[in-house]
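Open the model in your viewer and keep the selection panel handy.

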Amino acid sequence: MGGAVSAGEDNDELIDNLKEAQYIRTELVEQAFRAIDRADYYLEEFRENAYKDLAWKHGNIHLSAPCIYSEVMEALELQPGLSFLNLGSGTGYLSSMVGLILGPFGVNHGVELHSDVVEYAKQKLDSFIRTSSSFDKFDFCEPSFVPGNCLEISPGCSQYDRVYCGAGVQKQHEDYMKSLLKVGGILVMPLEEKLTKITRTGPSAWETKKILAVSFAPLIQPCHSESGKSRLVQLPPLAVRSLQDLARIAIRSAIKRVIEQEAAGARGGGPRSPPRLKRRRRRRRMETIVFLDKEVFASRVSGPSDDNSCEDAAEDRPEQDDAPPAPRPEPPVNVLREKVLRLPLPDPLKCYLLYYREK
């Protein structure tokens, strides 16, 4: 599933294309997508395919197409402090993007059928926390992943503000999915070949909206044990944060406010400029994705500008010759890290404030 937008050369260009096609429509969602590089969730030998608007599957590892994740993130209407349950959490890519929006006082849980994929997701999460340059720009709600079949969640588990299911839901399981949702909450799932948004407006009142046609593999039915009993999935408890953790959140937030005030003073109190440079767009041939009986074929077709490509190149060449070479951008400075390292604190406390990150 996918192929709705043209491929990007990197993560930012992929997001540009998703914005241009109106799959990404809000600033919060855009920031989350730019903060986490989709290629980081691919196996190394498949990274070259990461910026195509196509789903990817290798063994049990699976990623939906970027256009699908974009519609899901927009439909969930995420806000800081909400609770989120990801059914079929896979690599953890979506859960990590959601965590950037939920902030430190949200809840972020995922259930994944395959234990090897749970381990893969935990490795990717650990890598993001330790090495990503985006981590210190957000207050993160770290996902927790548990193995199990999402149709066997213990009846005693809490309900959630937002629920997403990443597999096709059969009609007979619709009420079960709704039961996981709080009043006022939003459930997004593929239901009868349509990505569907369901809002719980009351104890037994619902609003349903069909978003777009999709094709997802169906939910796998539970396998009962030899005794005939199902294996109930116990979700992580809604634990209260420790005083030590709350202090770390408060100190980091205070330092970020100082950084923002200093940046505003340096700008003379003017409006905050977006942190992203404008990218010069280049003419490219569009990719056409054709689906035939579950097989995917990609082909290139000539666009209207292709017939004049030589003339366009000739017109552009003098401009390129006259233009000075673009200076190489300076590596970004992690201001939060620099300020923490300058604090008059013992080194172990500084490392704790920095989540023991390597950079």
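Buried, on this tour, means under 20% relative accessible area, exposed means over 50%, and partly exposed is in between (1.4 Å probe, protein chains only). Helices (H or I, at least four residues) and strands (E, at least two) are DSSP runs, numbered from the N terminus. The model is predicted, so to speak of local features pLDDT of at least 70 is needed, side-chain atom pairs count only at pLDDT 80 or more, and totals for chains, interfaces and linings use all residues. Residues are numbered from 1 along each chain as its sequence is written, and side-chain values use heavy atoms, leaving out hydrogens and water.

**Stop 1: a covered strand.** Select strand E6, residues 160–165; six of its six residues are buried. Two strands count as paired if DSSP finds at least two bridges between them. Look for phenylalanine 84, opposite arginine 162 in E6. E7 is also parallel to E6, again with four bridges, and here valine 163 stands opposite leucine 187 in E7.

**Stop 2: an enclosed helix.** Next, select H3: eleven of its eleven residues are buried, so the rest of the structure largely encloses this helix. Among those buried residues are Glu71, Met73 and Glu74. Just after H3, glutamate 77 has a positive phi of about 50 degrees.

Step back to serine 64, in the loop between E2 and H3. Serine 64 is buried, at 6% relative accessible area. Contact here means heavy atoms within 4.5 Å; setting aside residues up to four places away in sequence, serine 64 touches Arg38, Leu54, Ala55, Tyr69 and Phe216.

**Stop 3: the cores.** A nonpolar core is a set of buried Ala, Val, Leu, Ile, Met, Phe, Trp, Tyr and Cys residues joined through side-chain atoms within 4.5 Å. Which residues have the most contacts inside the largest one? Select Phe33 and Met73, in a core of 55 residues. Elements giving two or more residues to this core include helix H1 (11–20), helix H5 (115–131) and strand E7 (181–191). Apart from it lies another core, of 22 residues, including Val111, Tyr160, Val169 and Leu235.

Then centre on methionine 73: beyond its neighbours within four places in sequence, its contacts include Val29, Phe33, Leu94 and Ile101.

**Last stop: helix H7.** Finish with leucine 246, in helix H7 (residues 243–266). Leucine 246 counts as partly exposed because its relative accessibility is 33%.
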